[in-house]
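Please examine the sequence and the three-dimensional structure shown below. The report that follows is intended to be read beside them.

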Amino acid sequence: MKRYLTIGYGAASYVAFLVAFLYAIGFVGDLVVPRTVDHGIAAPFGQAVAVNMVLLGVFAVQHSVMARPGFKRWWTRFVPPSIERSTYVLLASAALVLLYWQWRTMPAVIWDVQQPAGRLAVWTLFWLGWATVLASSFMINHFDLFGLRQVYLAWRGKPYTDIDFRVRLFYRLVRHPIMLGFLVAFWAAPTMTAGHLFFAIGTTAYILVALQLEERDLVAALGNQYRDYRGDVPMLLPLPRWHPAGAVRRS
């Protein structure tokens, strides 16, 4: 019974992630869904800034604190390790749902691309960003990243084993293609409102800070293997690395 509850919990958490992820596309792109970055709750500008900042902060704190190895060691004293990742995914999805539900509209238009070819180009970047996020998750291990592998191994009665560090496809160009995809998707807006700009600036600031923490953890876990990778491959911008000798090194 415990094994079935574990895999059921992991599957439910994954479904919650899928719903939150798909809604995020509509939320950021102002597409289809009822509450979006441009159509949320009406509020005075000052109140909108304060509430939206708190909503972004809730997600940032949950997402970063629960990802730290020290927190995981403490957390797994109370939560079985097999569902630790699923719980993280579930709570991250809940934080996003809260943001979608309570987002305040800031309707002032910052820019608006009117030319059809220009709008098409921006929309293409938007969809490429989301495609990069999803594709990159499969280039490491999508099912481990979102907790399904952990609960499956527990269901089979097998111990969890860490995924080997491998550099594949997009990860040969940048170290964090998932985050690059998010940044592209968040900023690729043919019509940029003040609310969308606030969201893009806030999430960009969070990503840049979170990546520093993630890099520190990866160096601690992988040592010289990750240091060498970091020396060869840029963090976010797929540009060649120039070393003092003048040679270009690529992973």
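The text below considers annotated regions, helix packing and selected residues in turn.

**Annotated regions**

The structure discussed here is a predicted model. According to the unreviewed UniProt entry, residues 55-208 carry the annotation "domain: NnrU". In the model, this span is 67% helix and 5% strand, and its end C-alpha atoms lie 18 Å apart. The unreviewed entry also lists "transmembrane region" for residues 7-29, 41-65, 86-103 and 123-148. Two of these spans are described in the model as follows. Residues 41-65 are 84% helix and 0% strand, with 28 Å between the end C-alpha atoms. Residues 86-103 are 94% helix and 0% strand, with 25 Å between the end C-alpha atoms.

| Helix pair | Angle | Axis separation |
|---|---|---|
| α1 and α7 | about 165° | 8 Å |
| α5 and α8 | roughly 160° | within 7 Å |

Helix α1 comprises residues 2-29, and helix α7 comprises residues 148-156. Because angles over 145 degrees count as roughly antiparallel, the angle of about 165° places α1 and α7 in that class. The crossing of α1 past α7 is left-handed. On the α1 side, the contact involves R3, Y4, T6, I7, G10, A11 and Y14, while α7 contributes L148, V151, Y152, A154, W155 and R156. By type, nine residues of this contact are nonpolar, two are polar and two are charged.

How are α5 and α8 oriented relative to each other? These helices are likewise roughly antiparallel, and α5 passes α8 in a left-handed crossing. From α5, the residues in contact are L125, F126, G129, W130, T132, V133, S136 and S137; from α8, they are P177, I178, G181, F182, V184, A185 and F186. This contact between α5 and α8 has ten nonpolar residues, five polar residues and no charged residues.

Helix α8 spans residues 177-187, and its buried residues are P177, I178, M179, G181, L183, A185 and F186. Which elements cover these buried residues? Among them are the helices α1, α5 (116-139), α6 (142-145) and α9 (194-222), together with the strand β2 (191-193).

**Selected residues**

Two residues other than glycine have a positive phi value. One of them, D30, has phi near 55° and is located in the loop between α1 and α2 (45-65). Another, L169, has phi near 45° and is located in the loop between α7 and α8. With a relative accessible area of 58%, L169 is exposed, because exposed means over 50%.

Residue Y152 belongs to helix α7, and this residue takes part in the contact with α1. At a relative accessibility of 38%, Y152 is partly exposed.

How values were computed
Residues are numbered from 1 along each chain as its sequence is written. This is a predicted model: local features need pLDDT of at least 70, side-chain atom pairs count only at pLDDT 80 or more; totals for chains, interfaces and linings use all residues. Side-chain values use heavy atoms; hydrogens and water are left out. UniProt positions are given in the numbering used here, feature names are shortened, and annotations may be inferred rather than shown by experiment. Helices (H or I, at least four residues) and strands (E, at least two) are DSSP runs, numbered from the N terminus. Axes are lines fitted to C-alpha atoms, for helices over the stretch in contact, and angles run from 0 to 180 degrees between N-to-C directions. Angles under 35 degrees count as roughly parallel, over 145 as roughly antiparallel, 65 to 115 as roughly perpendicular and the rest as oblique. A crossing is left-handed if the near helix is turned anticlockwise from the far one by less than a right angle, and right-handed if clockwise. Contact means heavy atoms within 4.5 Å. Ala, Val, Leu, Ile, Met, Phe, Trp, Tyr, Cys and Pro count as nonpolar, Asp, Glu, Lys and Arg as charged, and the others, Gly among them, as polar. Buried means under 20% relative accessible area, exposed over 50%, partly exposed in between (1.4 Å probe, protein chains only).
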